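Me: I'd like to learn how to read salt bridges and surface patches in a model like this one. Can you walk me through it?

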Amino acid sequence: MSSTETEYVLITEYFHPDTASTGQLMTDLAVGLEERGLDMTVYTGQPNYHSGKNEKQPRTSTHQNVLVKRIRAPQIRQTSILRRLFNWFVFTGWMFATLLLTQVDGEGERELIVLSNPPMLPPAVWIVCKLRDWDYTYIVYDLYPDQPVELGYLTKGGVIDRIWTWFNVKAFHSAKHIVALGPVMRDRITQSAGSDFDPEKVTIIHNWEDKDFINPIPKDENWFSKEHNLVDPFTVLYSGNIGEFHDLETVVNAASEFADRDVRFLIIGEGDNKENILHLADKLDIRGGTVQFLPYQPWDDLPYSLTSGDVSVVTVKEGFEGVCVSSKLYSAMAAGMPVLGITQPDDDEARIIDAFDAGIHVPQGDVKGVVDAIQTWNEDPALREDQGTNARQAFEQRFTKDKSVDRYYRLLTKGNVTEQAMRVPTEAPP
């Protein structure tokens with residue numbers, strides 16, 4: 001790095017080779033910005049996501065020309081909320097000390113890029129940057145403390161909620177840029193930050209998928225579909241984290257209505273709520289028949305597992321409008337299948353589905369709505385094909401890796417991304 005060049009430091013709990021979606025996205029972002037000429041350094045931890053191999057990585061390494069520095073502190077595989085909390089506090093504390101004490105070579109400037117995960121990290125970065133006179137960009141993947149409040153872990157308006165909100169508002173106000181994943185999230189951030197907050201500071205940059213990695217594959221040409229007997233039956237696919245904020249209960253309850261029909265539901269993934277979903281499937285006596293469960297699949301198999309169905313499920317818990325935007329939406333659209341959204345009618349996922357006629361969405365808990373949607377697609381293959389085509393075309397136009405990384409580059413180097421480039425239309429394009 002030259003004496004006047006800006007070093008951009010991306011701080012993320014997950015990074016290659018971690019298999020968490022956040023790690024995949026942040027790897028794409030760091031490598032993409034480095035390829036576009038920015039001097040990127042990543043501060044991260046050891047792989048610990050429950051779908052990974054948990055192989056220890058060297059403290060300092062490079063990944064596709066990006067310098068990667070990992071904390072020394074112990075981190076454990078995240079198979080429970082207590083383990084996750086342990087990792088969060090260890091990672092945040094270690095990063096706070098590292099950033100506070102690190103020396104910057106030469107006279108170059110340093111700008112930080114911080115994620116909302118772990119949730120204690122942005123307030124810690126705010127304090128460090130105030131002390132060291134650094135700028136930072138705050139990427140909001142999940143809005144805190146709204147998420148634990150909606151999950152019932154914290155009392156809205158309670159002491160912890162009010163203290164946490166105060167720190168997070170400070171982090172919003174001091175950030176050079178804030179990135180939201182959709183307009184509903186942007187509006188929720190603006191409301192949370194208060195009347196004296198400048199909403200122009202918030203830029204919408206959607207998450208993405210790699211258009212060369214995920215491509216539509218007909219089921220009769222897909223070895224994964226053949227191996228799991230998915231070619232003939234109409235197949236509803238869910239692939240991803242099975243967390244408390246994913247309403248898979250509605251999906252499994254709807255599956256029970258198809259027990260005697262040639263319809264299959266395939267749920268791929270792991271997570272804190274998986275045991276409850278398995279128990280529900282057992283209770284309804286559909287596990288292993290109408291509903292099949294698989295663990296996370298190897299990375300090289302994802303182009304086939306993610307395209308092995310007829311429709312792809314994207315589901316979020318009620319109350320999470322603007323708190324998060326499911327990254328599964330973009331891989332589902334890339335796969336060229338209609339999206340079955342289990343969402344509120346005006347949240348970010350539903351807006352995208354409607355804007356491009358890329359599927360059908362129903363409210364959380366609406367079992368009949370899910371059943372009706374599946375019957376509609378099953379009885380109308382032309383509609384299913386049209387909406388799948390729309391999904392892939394919209395993905396290629398708006399949500400590819402290159403387009404989103406370009407927007408991050410423009411934001412970091414020029415301070416703005418045009419509204420026209422980011423806006424999702426209210427109606428599908430002609």
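**Salt bridges and a nonpolar patch**

Reply: Let's start with Lys-368, which is exposed, with a relative accessible area of 59% (exposed is over 50%, buried under 20%, partly exposed in between, using a 1.4 Å probe and protein chains only). This is a predicted model, where local features need pLDDT of at least 70 and side-chain atom pairs 80 or more, while totals for chains, interfaces and linings use all residues. Residues are numbered from 1 along each chain as its sequence is written, and side-chain values use heavy atoms, without hydrogens or water.

Me: Which residue meets Lys-368 in a salt bridge?

Reply: A salt bridge is a side-chain nitrogen of Lys or Arg within 4 Å of a carboxyl oxygen of Asp or Glu. Here, the partner of Lys-368 is Asp-372, at 2.7 Å from N to O. Asp-372 is partly exposed, at 29%.

Me: Which residues make the nonpolar surface patch?

Reply: Patch residues have over 30% relative accessible area and no salt bridge, with nonpolar side chains (Val, Leu, Ile, Met, Phe, Trp, Tyr) joined within 5 Å and like charges within 9 Å; areas come from Shrake-Rupley with a 1.4 Å probe, and for residues only the protein chains shown count as cover. Leu-100, Leu-101, Ile-127 and Leu-131 make a patch of about 370 Å².
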